[in-house]
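Thanks for coming, everyone. Let me put the model up, and then we will walk through it.

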Amino acid sequence: MNINRPEPIVSDIEASFYKHGMDPQKAIEEILNGRYVLIEDYYSSGLTILHELNNYLKDKHPDQSFQGQREFRSEYRKFSHQILLQVSDNKLVVEKAPVIGWLEILYPDLEKFILPFPQIQGLNSAWQWYKKGVSIPVLRNKIHPYYGTYFPSRFEHLHLFDNWLKRYKGAKKTAIDIGIGSGVLSFMLMKHGFQKVYGTDTNPNAIIGLNQFMSGTKLARKIEIDHGHLFAKWEQKTELVVFNPPWLSTSYDIDRIDEAIYYNDKLFPDFFTDAKEHLHPDGKIVLLFSNLAQITKVTESNPIEKEIAEGGRFKLDLLLKKSVKSASKKTKRNQTWRSSDTVELWVLSNNN
Ligand SMILES: C[S@@+](CC[C@H](N)C(=O)[O-])C[C@H]1O[C@@H](n2cnc3c(N)ncnc32)[C@H](O)[C@@H]1O
């Protein structure tokens, strides 16, 4: 199981240098010409160039439509990665730089290497979340998401699940949590008295992070996890199968491959085929989903609805919906589609 980490640049790389006092426009020109710029003095010098790059690309892409903003983001992503920082002895070489514990944890094998500035920013915020922890309204304790692991930033779907669990009258011996992420749903199952949860995730960081988080606590015996696709190595039948899958089909943004957010055509059919094998005869499948893809008109069909209508394997017991707070009016991006954004909790049982 190989940990996911930003790809370090270890080979010699040709770059021009930038430090405070130099003309940032020159650095932007270098970047637009496909060259790298290495920051020499302060962390803030990198921020200055990023800021200039952002302004330049905003002027170039005034179009606020979804497509226009997608082009802006894609260029920003490409060019910003040409701004580089050097890491030596697991620390950033520039001055006044944040201390980022991930540099030590994720790169024990490397003494010196280079990373693109946005990757450093990502590592830095991930370190803050990990160290300080993230409060989740339905959980007593904070979670500490490992680098590169999904964690919720909106909570409506968790309120739906929490309320459903409060009323759940079935057996609570075992459950399976597909795509366990930072463990939020499994911790909720524990809170509501489930004795044992089997979790899986295709993302190695989720598994490494949770194993480390639970190690030495009584959770380690109650939540067992395996790295793998869908049900991975678990073969037992459980009373509950929970899955908070990716909510958008890959057609939504083809240059994004994040498996926490985007699903391919096979994910749902495979899930339902395997779930048939793993669900106790009286068990329930709980899926958390959203109408985001449908209201943005990217996907017309809902993969859960499709299974119920055509699969013949499961019937719908319950569908609960909750609308999501509309996005802040202050955001400049065009997010009007957020207005009818709802999260969904689907409960399915065996059709027999
Ligand atoms: C939206 S996140 C949900 C994480 C967590 N259950 C939660 O609710 O906070 C989806 C998770 O499913 C994982 N995932 C995606 N495809 C998967 C697959 N085929 N098998 C197992 N896990 C998968 C992702 O890595 C991610 O951790």
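Start with a term: domain bounds here come from an automatic or database domain assignment. That assignment gives domain 1 (15-130) and domain 2 (156-350). Their C-alpha centres lie 34 Å apart.

Two points on the ground rules. Residues are numbered from 1 along each chain as its sequence is written. This is a predicted model, where local features need pLDDT of at least 70, side-chain atom pairs count only at pLDDT 80 or more, and totals for chains, interfaces and linings use all residues.

Now the core. First, burial: a residue is buried if 20 or more other C-beta atoms lie within 10 Å of its own, exposed if 12 or fewer, and partly exposed in between, with C-beta atoms placed from the backbone. A nonpolar core is a set of buried Ala, Val, Leu, Ile, Met, Phe, Trp, Tyr and Cys residues joined through C-beta atoms within 7 Å. In soluble globular proteins, nonpolar side chains tend to be buried together.

Which residues touch the most other members of the largest nonpolar core? They are Val-37, Leu-85, Phe-161, Val-241, Ile-285 and Leu-287, out of 74 residues. Strand 12 (residues 279-290) gives the most to this core, namely six residues. Helices (H or I, at least four residues) and strands (E, at least two) are DSSP runs, numbered from the N terminus. Domain 1 (15-130) and domain 2 (156-350) both contribute residues, so this core lies between them.

Take Leu-287. Not counting residues up to four places away in sequence, Leu-287 touches Phe-243, Pro-245, Ile-304 and Trp-346. Contact means that two C-beta atoms, placed from the backbone, lie within 7 Å.

Next, strand 9 (residues 238-243). Five of its six residues are buried. Two strands pair if DSSP finds at least two bridges between them. Strand 6 (residues 174-178) pairs with strand 9 in the parallel sense, over four bridges. There, Asp-177 stands opposite Val-242 in strand 9. Strand 9 also runs parallel to strand 12, with five bridges joining them. Thr-238 has Leu-279 in strand 12 as its bridge partner.

Over to Leu-38, in strand 2 (residues 36-39). Is Leu-38 buried or exposed? Leu-38 is buried, because 21 other C-beta atoms lie within 10 Å. Its contacts, leaving aside neighbours within four places in sequence, are Ala-15, Phe-17, Leu-84 and Gln-86. From Leu-38 to Arg-221 is 183 residues in sequence and 47 Å in space, C-alpha to C-alpha.

Now the ligand. A residue counts as near a molecule if its C-beta atom, placed from the backbone, lies within 6 Å of it. There are 21 residues around the ligand, and Gly-179, Gly-181, Asn-203, Asn-244 and Ala-260 come nearest. Helix 7 (184-191) and strand 7 (196-201) each supply at least two residues of the shell.

Most residues other than glycine have a negative phi, and most peptide bonds are trans. Asp-89 has a positive phi of about 50 degrees, although it is not a glycine. Asp-89 sits in the loop between strand 3 (83-88) and strand 4 (91-92). Asp-89 counts as exposed, because it has 10 C-beta neighbours inside 10 Å. Ala-232 is not a glycine, yet has a positive phi of about 45 degrees. Ala-232 belongs to the loop between strand 8 (223-227) and strand 9. With 19 C-beta neighbours inside 10 Å, Ala-232 counts as partly exposed.
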